[in-house]
Amino acid sequence: MSEPAYSVTRVFGNNAVLGHCGDDTRVLVGRGIGFGRRVGQEIPLDEVQHQYFEIKPTNVRYLDLLNSNDQHTLDVCNEAIDRAADVLGELHPSVYLLLVEHLAFTVQRLREGSLIRNPLIDEIRAAFPDEFMAAEVVVRHIDSHLDVELPPDETAFITLHLNAARTDASVKLPLRQANDLAELVKFAAEKLGHPNTSPTVHGELIWTLARLTKRIQAGAYRGNAAVRLIERDLALETEVASQIIEKILGSTPLPPEVVGEVAHLALFLHGWKQDASYEIEINPANQKGVTR
């Protein structure tokens with residue numbers, strides 16, 4: 001008895017196709033699985049690295065896309081995802097459904113004159129720098145092949161999808177992480193008396209807290225030989241740093257192994273507060289801060 005095989009119903013790109021076997025219609029992903037394939041051609045199971053079981057009648061929007069006349073847009077979006085996979089490595093097969101759907105409708109909205117806004121673009125760039133870089137590759141490919149100009153805000157949305165595809169998670173997870181980072185930044189800035197700063201000074205705080213969050217979550221704590229001096233001379237900054245790390249860990253009191261990180265962060269916050277104050281001295285207009 002011969003091994004079952006999938007019949008190709010659509011080629012998404014070099015690394016993904018849509019196929020059916022019996023009553024199942026699935027996204028099939030594998031390195032080079034779509035290269036040179038034709039509709040109706042069979043793919044043996046041993047060539048399929050991953051399957052995704054989400055192409056159902058309930059996927060109305062996606063099925064409408066597949067049956068639309070704008071096949072060029074779909075092809076370009078799928079090619080763009082292949083480019084992202086070249087940068088990031090293996091992506092969950094769902095990206096060929098969820099992100100392609102998102103991209104196709106985004107292109108449509110742009111052509112209709114809609115504006116795309118993402119208030120968390122700075123936090124997303126800092127929290128997921130690798131995915132943001134890959135998202136820029138996606139944007140460049142789409143812009144150059146579809147005669148559109150996706151805004152940086154859209155790069156941030158694509159970043160969330162790519163991060164989710166790397167971890168087989170919902171897009172809600174990286175979005176929540178970006179929101180958590182924004183809350184930490186807001187908390188620190190308000191506690192230090194500078195809720196509004198220029199993009200440059202504000203960005204320094206975002207990137208520092210993004211790196212700190214990754215270290216804390218990975219348990220990669222740094223020591224600091226000047227802990228006692230910093231606690232004595234920078235009491236406010238030490239207290240704010242402790243509260244920030246408590247928020248990241250989601251528990252109190254702080255374990256003793258994080259005291260070095262508290263000291264490092266307190267020292268940074270001390271310098272950041274001085275930068276923010278100096279900025280206001282040389283340019284009082286900066287007191288109005290950043291529109292977020």
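The model is predicted, so local features need pLDDT of at least 70 and side-chain atom pairs count only at pLDDT 80 or more, while totals for chains, interfaces and linings use all residues. Residues are numbered from 1 along each chain as its sequence is written, and side-chain values use heavy atoms, with hydrogens and water left out. The protein chain has 11 helices and five strands, where helices (H or I, at least four residues) and strands (E, at least two) are DSSP runs numbered from the N terminus. Of its 292 residues, 46% count as buried, a term that means under 20% relative accessible area, with exposed meaning over 50% and partly exposed lying in between (1.4 Å probe, protein chains only).

**Contacts along the chain**

- Among contacts (heavy atoms within 4.5 Å) between residues at least 6 apart in sequence, 67% join residues at least 24 apart.

**The pair H3 and H6**

- Helix H3 (residues 95-111) packs with helix H6 (residues 152-167) at an angle of about 170°, and their axes are 10 Å apart; axes here are lines fitted to C-alpha atoms, for helices over the stretch in contact, and angles run from 0 to 180 degrees between N-to-C directions.
- The two helices H3 and H6 are therefore roughly antiparallel to each other, given that angles under 35 degrees count as roughly parallel, over 145 as roughly antiparallel, 65 to 115 as roughly perpendicular and the rest as oblique.
- On the H3 side the contact is made by Val95, Leu98, Leu99, His102, Leu103 and Thr106, which meet Glu154, Phe157, Ile158, His161, Leu162 and Ala165 in H6.
- Sorted by class, the contact of H3 with H6 has eight nonpolar, three polar and one charged residues, where Ala, Val, Leu, Ile, Met, Phe, Trp, Tyr, Cys and Pro count as nonpolar, Asp, Glu, Lys and Arg as charged, and the others, Gly among them, as polar.

**Salt bridges**

- A search of the whole structure finds six salt bridges, each being a side-chain nitrogen of Lys or Arg within 4 Å of a carboxyl oxygen of Asp or Glu.
- Arg125 forms one of them with Asp122, the closest N and O atoms being 3.3 Å apart; these two residues are three apart in helix H4 and are thus separated by about one helical turn.
- Glu261 meets Arg215 in a salt bridge (3.1 Å, N to O), and because Glu261 lies in helix H11 and Arg215 in helix H8, the pair ties together parts that are 46 residues apart in sequence.
- Glu261 is buried, with a relative accessible area of 0%, whereas Arg215 counts as partly exposed at 22%.
- Glu261 also forms a salt bridge with Arg222, with the closest N and O atoms 3.1 Å apart, and Arg222 lies in the loop between H8 and H9.
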